Amino acid sequence: MNALLTVLKKELTDAFRDRRMVMVAFVVMPLVFPLIFAGLGTLGAKKQTEKLENALELPVIGADNAPNLVAWLEQNNVEIKPAPKDADEAVRSQDSDVVLRIDEEFGSDWRGSKPARVELVYDSSRPLQSGTTIARMRTLLQAYADQMGTMRLVARGVHPSIAKPLRIANRDLATPEAKFDFGQQMIPYLMILLGFIGGMQLAIDSTAGERERQSLEPLLATPASREAILSGKIAATAVFAFLSVFATLISYKLAFTYVVSSRAGGFSMNLPMSSLGQMFVVILPIVLLGAALLTALAAFAKSYREAQSYLPMIMFLPMIPTMYLMVSPVKSQLWMMAIPFLSQNQLILKILRKEAIPMDEWGVSLGAGLLLVAIVWFVAARLYHREQLAVSG
Amino acid sequence: MITVENLHKTFASKKGPVKAVDGVSFTAADGQITGLLGPNGAGKTTTMRMLYTLMRPDQGRIVVDGLDPQQQPDPVRRSLGVLPDARGVYKRLTARENIAYFGKLYGMEEAAIAKRADALVDALGMQEFADRRTEGFSQGQRTKTAIARALVHEPKNVILDEPTNGLDVMTTRGLREFLKRLRAEGHCVLFSSHIMQEVAALCDRIVVIAHGKVVAQGTPDELRAQTGESNLEDAFVKAIGTDEGLFA
């Protein structure tokens, strides 16, 4: 235990004197992610607001066929544009999000009280760019249709409600915290990824680097057991990763509180610092798993460079469960708590939504996570006992 | 005291197994300097690595102060001070911090470490750079730091693998004096070298190794008598059969 603490203390001292490592973990990482997400978030929110509130630019083909409809649209913040030569081409080339084609028979159908035909031309494969506009157009046309339908019924002396057999009332059970936004959605992923790989520099440096700098051989000749040395290095990696996550969360919160919310009105993020402790307990197995796995890899690799070449694969690991969830969204179930990354993702979301986490979920998540840590630690210890470990080159 | 009996160690390589150590036996007594002389690649480093428990012999026996390193690695490691072939120091720690780190790993108290570090800094002439970070140290300064680190726990037996490698003349002379002091204090000093002059000047007993085997051993006088050469360096060359890989 003493040797473990000695190694832990030395590795942290060593790491904190490494200016490059400190810069990456406590300056670059904490700046890059909030900047990217806050920047994207602001941009996204702005775009969204623009598309919702600015005049909707709408090229119309056959505007003369339905002057009343066109006039009504203009009153409702739609800017009518001249018809493009080829509507399909205009949408395909993204010149227009949506084009409205009014049928030539519109006038006669309308007068004959037959459904008059209008056509919306759009491309649904770009929901981010044109989704809002398309939805807005549909709503407008539906509103016009409802309004006109009501007037026709009234003109015929029928109560309009006869055509409204349903009255849909909405009761949304989402707590205010659960209706979180873009910024908050990224928190679980950010915490998991940074917790997992936040100590990668230290892990590789303290094993593969130490061997390359030829100080591992004298270290292993001391009476300190290899398990203690290994555990000290893993612990130092974990502490470093935790601090990096903490720094990033603080900077993330600041970015969203002061930069984003002031620019794009109403776009704010609620990152309750009170639940931070809970979130750190949730990612504890992930942090230890990352530290143990990176240290095992560094002990397995023949050189510093070889160890570094495994990093892209390692970074990919935390994404797999998240991607699985994106492809096949499922109800949160207890067995999921046993899957690393997936379980932490779900639990952090719950904490952010201020939902209570049942004891069994805590137990399964921490138990399964720590069991996996133990397995990886055991593999790392086996690697640390190999004769080749100390001998460089 | 270190006794080695019939040590064997084979490594797997792409061209097939390589016998690095092939039946090495010798004894290094307390209060004596024992030199392992041999050309590069003779098996000196591998023999030493088995001595300080970093490698397991395929065959043979090692006894350090009556203990078998394979059976009781812990007390054996405590009784050994090791300067391995790899003598990297932590460049972001000062020389003194490097020494203290190992002191703690040997389970020493802070006060004892500080006292011992002072003594070693004096003995090795490290006053000028002891409190500087080791980044940018010269080869000699690094070696001195590594030696101080290896001896912080006052080991009974001292094993040094090519300690004068890459050192300038003055530092080498200082180091030799330091080894003589260790001998005078009753330590068992075992060091390896491929420099004939160094071994001739320092050692009470010489073990000549070539191709993983001991080809001659004894006091300088015994070696001269065994080979019939009056000059010790000629005796070495005759014992090994070639002067390739040796250094005058």
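A: Let's start with Arg149(B), which is found in helix α5 of chain B. Helices here are DSSP runs of H or I with at least four residues, strands are runs of E with at least two, and both are numbered from the N terminus. Before we go on, this is a predicted model: local features need pLDDT of at least 70 and side-chain atom pairs count only at pLDDT 80 or more, while totals for chains, interfaces and linings use all residues. Residues are numbered from 1 along each chain as its sequence is written, chains are lettered from A and ligands numbered from 1 in the order in which they are written, and side-chain values use heavy atoms, with hydrogens and water left out.

Buried means under 20% relative accessible area, exposed means over 50%, and partly exposed is in between (1.4 Å probe, protein chains only). A salt bridge is a side-chain nitrogen of Lys or Arg within 4 Å of a carboxyl oxygen of Asp or Glu.

Who does it touch, then? Contact means heavy atoms within 4.5 Å. Skipping neighbours within four places in sequence, Arg149(B) is in contact with Pro218(A) from the other chain, and with Arg87(B), Gly88(B), Val89(B), Tyr90(B), Asn98(B), Ile99(B) and Phe102(B).

Just after α3(B), Gly107(B) takes a positive phi of about 80°.

Now back to Glu210(A). It belongs to a network of salt bridges, together with Lys10(A), Glu11(A), Asp14(A), Asp18(A), Asp205(A), Arg213(A), Lys233(A) and Arg92(B). Let's zoom in on one pair there. Glu11(A) forms a salt bridge with Lys233(A), and the closest N and O atoms are 2.7 Å apart. This pair links distant parts of the chain, with Glu11(A) in helix α1 and Lys233(A) in helix α10 (residues 226-263), 222 residues apart. Glu11(A) is buried, at a relative accessible area of 4%, and Lys233(A) is buried too, at 0%. Over all chains, the structure holds 33 salt bridges.

Another of these bridges is between Lys9(B) and Glu387(A), with 2.9 Å between the closest N and O atoms. Lys9(B) sits in strand β1 (residues 2-11) of chain B and Glu387(A) in the segment after α16 (359-384) of chain A, so the pair joins two chains. Lys9(B) is buried at 5% relative accessible area, whereas Glu387(A) is partly exposed at 24%.

Glu79(A) and Lys81(A) meet in a salt bridge of 3.2 Å, N to O. Glu79(A) has 35% relative accessibility and counts as partly exposed, and so does Lys81(A), at 29%.

Most residues other than glycine have a negative phi, and most peptide bonds are trans. Asn77(A) isn't a glycine, but its phi is positive, about 65°. You'll find it in the loop between α3 (67-75) and β2 (78-81) of chain A, partly exposed at 35%. His211(B) isn't a glycine either, and its phi is about 50°. This residue is in the loop between β8 (205-210) and β9 (213-218) of chain B, and at 69% relative accessibility His211(B) counts as exposed.
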